[in-house]
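Visitor: I have the sequence and the model open. Can we go through it piece by piece?
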Amino acid sequence: MTKVLAIDVGGTKIVYGIVNEKGEFLTEIQRKNTKKDIKGLIGEFKDIIKEYESEIDLIAFATAGAVNIENTKVESSTPNLPEGYNSIDFSSLSKKTVYVENDANAAAWAEYKVGAAKGYDNNITITLGTGVGGGIIVEGKLLRGKSGRAGEIGSMKINYRGRICTCHRKDCYESYASGTGLKLTAKEVALSDNVFKTSIFNNKTADNITTYDIVEGLKQKDAYCIKVFNIWQKDIVSGLINLVNIFDTEMIVISGGMGEYINTKEMEKNINDEVVVSKVKLSLAKAKNYSGMIGAALLACDKFMN
Ligand SMILES: [Zn+2]
């Protein structure tokens with residue numbers, strides 16, 4: 001049996017545990033708060049590794065940020081992690097082999113191997129959270145591209161409404177399809193459409209309407225919230241139609257906190273009404289919170305143990 005110390009590095013929490021080659025956890029999952037300075041964070045990684053180093057075969061990190069094609073380094077840091085994160089040479093953290101993978105790619109691999117996309121060799125996992133991430137599996141392989149950064153679904157452009165993304169570019173998919181996107185759509189509709197006048201939230205300013213308000217308003221059949229939600233879903237669908245047409249995808253897995261609000265049946269129909277390739281299935285994620293750790297561990301096993 002192969003034992004992999006799997007470590008998922010997020011902006012607020014580091015989650016870790018030992019995973020075997022079947023994607024099963026052999027230990028309880030542990031959590032630490034992510035240190036906000038680079039020295040502290042490296043020390044934290046070393047402490048975690050020291051605790052398990054003698055009993056494991058490999059170490060696998062799932063992390064935010066783009067990872068290089070050699071799976072040893074993060075090429076572009078994310079705003080949530082301390083400055084200098086992309087200077088960490090992960091292989092120097094241990095005598096054991098260290099593997100690094102982007103967390104969205106790792107999550108996609110976990111869904112393919114042990115989750116909702118199991119058995120579908122052409123699949124895409126899309127993470128809808130405060131941003132949008134994704135991983136693309138083509139003919140049973142994780143699509144990496146030239147630099148290892150393929151699958152940046154959140155950065156594709158879906159229209160030209162001129163919305164500024166958190167990355168400062170215009171009209172990224174994630175500026176529409178994420179939770180942040182839903183909030184921006186809520187603001188736009190509140191400012192431009194009379195339907196807001198009769199909304200249960202019309203006592204709020206356009207800036208103060210939250211994603212939670214929209215979800216709450218849907219339950220109460222508020223016409224404004226329904227309108228906002230439908231625009232949001234339509235934007236998500238546009239991107240997914242493009243992806244399915246390009247990759248001839250059999251299964252799309254929706255992951256992330258915003259995923260629980262979407263109507264998967266309706267969305268699946270709306271996508272299939274417009275695709276020119278074979279029809280696609282849509283499913284919510286199964287590996288969920290631990291998919292980053294499981295996926296990174298399984299990819300590391302594939303790379304080094306076969
Ligand atoms: Zn962007």
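Guide: We can begin with two helices. The axes of α6 (residues 223-247) and α7 (residues 264-272) come within 9 Å and cross at roughly 50°. Keep in mind that this is a predicted model.

Visitor: Which residues make the contact?
Guide: Gln233, Val237, Leu240, Ile241 and Val244 take part from α6, and Met267, Asn270 and Ile271 from α7. In this contact of α6 with α7, six residues are nonpolar, two are polar and none is charged.

Visitor: What about α5 and α6, how do they pack?
Guide: Helix α5 (residues 211-219) packs with α6 at an angle of about 120°, and their axes are 8 Å apart.

Visitor: Left-handed or right-handed crossing for α5 and α6?
Guide: Left-handed. The α5 side of the contact is Ile214, Gly217 and Leu218, and the α6 side is Tyr224, Cys225, Ile226, Val228 and Phe229. Seven residues of the contact of α5 with α6 are nonpolar, one is polar and none is charged.

Visitor: On to strands. What is the order in the sheet with β1?
Guide: The order is β3-β2-β1-β4-β7, in an open sheet of five strands with mixed pairing. At the edges are β3 (30-33) and β7 (97-102); each has a single partner strand, so one side of each has no neighbour in the sheet. On average, neighbouring strands of this sheet are turned by 20° against each other, direction ignored.

Visitor: How many bridges join β4 to β7?
Guide: Six, and the two strands run parallel. β4 covers residues 58-63. Phenylalanine 61 stands opposite valine 100 in β7.

Visitor: Which helices lie across β4 and β7?
Guide: Helix α2 (residues 103-114) lies across β1 (3-9), β4 and β7, and runs at about 95° to β7. Helix α8 (residues 291-304) lies across β1, β2 (13-20), β4 and β7, and runs at about 135° to β4.

Visitor: And the sheet with β8, what is its order?
Guide: That one reads β10-β9-β8-β11-β12, an open sheet of five strands with mixed pairing. Its edges are β10 (141-142) and β12 (281-284), each with a single partner strand, so one side of each is left without a neighbour in the sheet.

Visitor: How do β9 and β10 run?
Guide: β9 (residues 132-138) and β10 run antiparallel, joined by two bridges. Isoleucine 137 has leucine 142 in β10 as its bridge partner. Helix α2 also lies across β8 (123-128), β9, β10 and β11 (251-255), running at about 50° to β9.

Visitor: Where are the domains?
Guide: The domain assignment gives domain 1 as 3-110 + 289-304 and domain 2 as 120-285. Their centres, taken over C-alpha atoms, are 28 Å apart.

Visitor: How many residues of each are in contact?
Guide: 11 residues of domain 1 are in contact with 15 residues of domain 2. On the side of domain 1 that touches domain 2, β5 (66-67), α2 and α8 each supply at least two residues.

Visitor: Which of them gives the largest share?
Guide: α2, with five residues. That side of domain 1 has eight nonpolar, three polar and no charged residues.

Key: Residues are numbered from 1 along each chain as its sequence is written. This is a predicted model: local features need pLDDT of at least 70, side-chain atom pairs count only at pLDDT 80 or more; totals for chains, interfaces and linings use all residues. Axes are lines fitted to C-alpha atoms, for helices over the stretch in contact, and angles run from 0 to 180 degrees between N-to-C directions. Helices (H or I, at least four residues) and strands (E, at least two) are DSSP runs, numbered from the N terminus. Two residues are in contact if their C-beta atoms, placed from the backbone, lie within 7 Å. Ala, Val, Leu, Ile, Met, Phe, Trp, Tyr, Cys and Pro count as nonpolar, Asp, Glu, Lys and Arg as charged, and the others, Gly among them, as polar. Two strands pair if DSSP finds at least two bridges between them. Domain bounds come from an automatic or database domain assignment. A crossing is left-handed if the near helix is turned anticlockwise from the far one by less than a right angle, and right-handed if clockwise.
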